[in-house]
Amino acid sequence: MYKVLIADDHAVVRFGLSTLVNKQPEFQVVDEAANGTDTYLRVEQGDIDILIMDLSMPPGESGLITTKRIHDNFPKVRILILSMHEEQEYINQALHNGAMSYVLKSSSDDELLHALHHLMNGQQYVDQNIKLTTDDLAKINQDGANVNLEGYKGLSKRESEVLPLITLGYSNKEIASELFISTKTVEAHKANIMAKLHLKNRAELIRYAIHNKLIDL
């Protein structure tokens, strides 16, 4: 039995997906999440085999960033992106960041089920309505680093979790409660983030996060 986490900011979508997935004998939905931060924290708790995740779950961390963080730290979790975004840029970046599958929300339920069964067997799957060119494959497999994100890549795992919460205006106490850490630890993470990104204030941090597509508003 493969344990599935569903992440989408719309409750009705989560309900529909859970109903569909739980009808399949090989899969069981064990939890749901409504944003990138909660998705990562739930994966961090363990017992998730497959993550079905939307790319846009505002407000908060971009699904593209959540995909990369989960893939980098929990590579055994198989990530299936279920998104309304049909733009090739999103598809290529999601697969480059570690998603094993990309399915369009406009496609039939069969596409999602095909993807799940491919992931169950450790195989990648891309929606049949998506056409990948040789150039797309090159972008997906590229190893080059984005210069704009060099500072971001130097953040610790916890600092990466704190960053989107700062941009959303969470207080130190609220961040501490969300991440189960002390307010002093939050203050330390904030200082480290600003220093590593060479930023002076929250306004600059918001501009940086939006420019580099780290958050959805």
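1. The UniProt annotation "domain: Response regulatory", from an unreviewed entry, covers residues 3-120; UniProt positions are given in the numbering used here, feature names are shortened, and annotations may be inferred rather than shown by experiment. Over residues 3-120 the chain is 46% helix and 24% strand, with the end C-alpha atoms 11 Å apart. Helices (H or I, at least four residues) and strands (E, at least two) are DSSP runs, numbered from the N terminus.

2. This is a predicted model, in which local features need pLDDT of at least 70, side-chain atom pairs count only at pLDDT 80 or more, and totals for chains, interfaces and linings use all residues. Residues are numbered from 1 along each chain as its sequence is written, and side-chain values use heavy atoms, with hydrogens and water left out.

3. Helix 2 (residues 36-45) is mostly covered, with 7 of its 10 residues buried (under 20% relative accessible area, with exposed over 50% and partly exposed in between; 1.4 Å probe, protein chains only). The buried residues are Gly36, Thr37, Thr39, Tyr40, Leu41, Arg42 and Val43.

4. The two ends of helix 2 can be described separately. At its start, a side-chain oxygen of Asn35 comes to within 3.2 Å of the backbone nitrogen of Thr37. After helix 2 comes Gly46, which has a positive phi, near 100°.

5. Helix 2 packs with helix 8 (residues 157-167) at an angle of about 155°, and their axes are 10 Å apart. Axes are lines fitted to C-alpha atoms, for helices over the stretch in contact, and angles run from 0 to 180 degrees between N-to-C directions. The two helices are therefore roughly antiparallel (angles over 145 degrees). The crossing is left-handed, that is, the near helix is turned anticlockwise from the far one by less than a right angle.

6. In this pair, Thr37, Tyr40, Leu41 and Glu44 of helix 2 meet Lys157, Arg158, Glu161, Pro164 and Leu165 of helix 8; contact means heavy atoms within 4.5 Å.

7. Arg69 lies in helix 3 (residues 63-73) and counts as buried because its relative accessibility is 7%. Not counting residues up to four places away in sequence, Arg69 touches Tyr40, Glu61, Tyr152, Lys157, Ser160 and Glu161. Tyr40 belongs to helix 2, and Lys157 and Glu161 to helix 8.

8. Leu82 lies in strand 5 (residues 78-83) and counts as buried because its relative accessibility is 9%. Leaving aside neighbours within four places in sequence, Leu82 is in contact with Leu17, Ile52, Met53, Asp54, Leu55, Val103, Leu104 and Lys105. Val103 is 21 residues from Leu82 along the chain, and their C-alpha atoms are separated by 4.9 Å.

Technical notes:
Polar contact = N/O pair within 3.5 Å; in protein donor to acceptor, adjacent residues only side chain to side chain. Parallel < 35°, antiparallel > 145°, perpendicular 65-115°, else oblique.
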